[in-house]
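Visitor: Could you walk me through this one? I'd like to start with the backbone and move on from there.

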Amino acid sequence: MTYPQHPSRPGQQPPAQFGIYPPPKKKMSAGAKVGIGCGGAFGALVLLGILGAAVSGSEPAASGERADRVAAAPATERPEDTAEPAEAKPQSKPEKKPESKPVEKPAAAPKSPADQFKAFVTKHGSLQEKAAIGHVTKVQGAEEMNDILDSVDIYTDFTGGLMGPHQSDGKLIASAFADWKDSKNGLVTVYDVKGDLLSNGNF
């Protein structure tokens with residue numbers, strides 16, 4: 001198969017014959033190549049800067065850098081009155097203890113007449129009366145006095161009766177009782193451990 005040939009003219013290119021050869025590709029100019037290269041280098045630098053900032057942000061800052069940052073931070077970012085220490089624990093409410101009612105002391109048992117008599121002599125008696133009163137075991141009739149015929153019996157742990165060695169102690173006990181109680185017509189009798197008369201006296 002033959003193709004028609006056109007006569008060549010000086011300064012004129014023959015018309016392009018389509019279908020046989022592809023059209024020639026235009027070459028990129030040197031300026032475009034330099035621009036693309038600079039753009040790629042700039043992009044790589046930006047990418048490296050972003051990666052460096054991310055890595056340095058995740059690492060703990062040195063104490064000197066942290067102090068510089070704190071000193072350079074504006075006062076409005078961290079108000080001092082609202083800042084809380086990092087290690088501060090939340091305050092827990094104190095537990096209210098149940099109110100305890102005051103414990104009422106049981107009423108003291110009334111003292112026996114013998115205890116009352118001993119307490120009086122211990123406070124107001126002489127040394128001899130205090131020694132003798134330690135032997136008193138029971139006082140009977142001291143609470144039932146009517147100033148008509150008052151009779152009080154005091155029992156001791158002495159022995160020997162009226163003629164024994166403790167007759168003087170019996171007199172001291174009778175005298176001390178007269179100091180404690182007063183009656184218009186009273187008689188106090190002191191007995192030994194066997195119930196024998198040791199001493200007596202008026203009060």
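Visitor: Which residue takes a positive phi in the hairpin of E3 and E4?

Guide: In that hairpin, which has five residues between the strands, Gly 195 takes a positive phi near 90°. Please keep in mind that this is a predicted model, in which local features need pLDDT of at least 70 and side-chain atom pairs count only at pLDDT 80 or more, while totals for chains, interfaces and linings use all residues. Residues are numbered from 1 along each chain as its sequence is written, and side-chain values use heavy atoms, with hydrogens and water left out.

Visitor: And how many bridges join E3 to E4?

Guide: Five bridges join them, and the two strands run antiparallel; Val 188, for instance, has Gly 201 in E4 as its bridge partner. The names come from DSSP runs numbered from the N terminus, with helices (H or I) of at least four residues and strands (E) of at least two, and two strands pair if DSSP finds at least two bridges between them.

Visitor: In what order do the strands form the sheet?

Guide: The order is E1-E2-E3-E4 in an open sheet of four strands with mixed pairing. Strand E1 (136–140) and strand E4 (197–202) are the edge strands, each pairing on one side only, and the twist averages 15° from one strand to the next. E1 and strand E2 (residues 150–156) run antiparallel and are joined by four bridges, with Asp 153 in E2 as the bridge partner of Gln 140.

Visitor: Back to phi: which residue has a positive value although it is not a glycine?

Guide: That is Asp 147, with a phi of about 65°, in the loop between E1 and E2. Most residues other than glycine have a negative phi. Because its relative accessible area is 36%, Asp 147 is partly exposed, the class between buried (under 20%) and exposed (over 50%), using a 1.4 Å probe and protein chains only.

Visitor: Changing topic, which strands does helix H5 lie across?

Guide: Helix H5 (residues 167–180) lies across E1, E2, strand E3 (186–191) and E4, running at about 30° to E4, whereas helix H3 (residues 113–124) lies across E1 and E2 at about 115° to E1. Axes are lines fitted to C-alpha atoms, for helices over the stretch in contact, and angles run from 0 to 180 degrees between N-to-C directions.

Visitor: At what angle do H3 and H5 pack?

Guide: The angle is about 90°, with the axes 10 Å apart, which makes H3 roughly perpendicular to H5, a label covering 65 to 115 degrees. Among the residues that meet are Phe 117 and Phe 120 in H3 and Ile 173 and Phe 177 in H5, contact meaning heavy atoms within 4.5 Å.

Visitor: What does Phe 177 touch, leaving out residues up to four places away in sequence?

Guide: Phe 177 touches Phe 117, Val 139, Ala 142, Val 152, Ile 154, Val 188 and Phe 203. Phe 177 is also one of the residues with the most contacts inside the largest nonpolar core, which has 20 residues; such a core is a set of buried Ala, Val, Leu, Ile, Met, Phe, Trp, Tyr and Cys residues joined through side-chain atoms within 4.5 Å.

Visitor: Which element gives the most to this core?

Guide: H5 does, with five residues.

Technical notes:
Angles under 35 degrees count as roughly parallel, over 145 as roughly antiparallel, 65 to 115 as roughly perpendicular and the rest as oblique.
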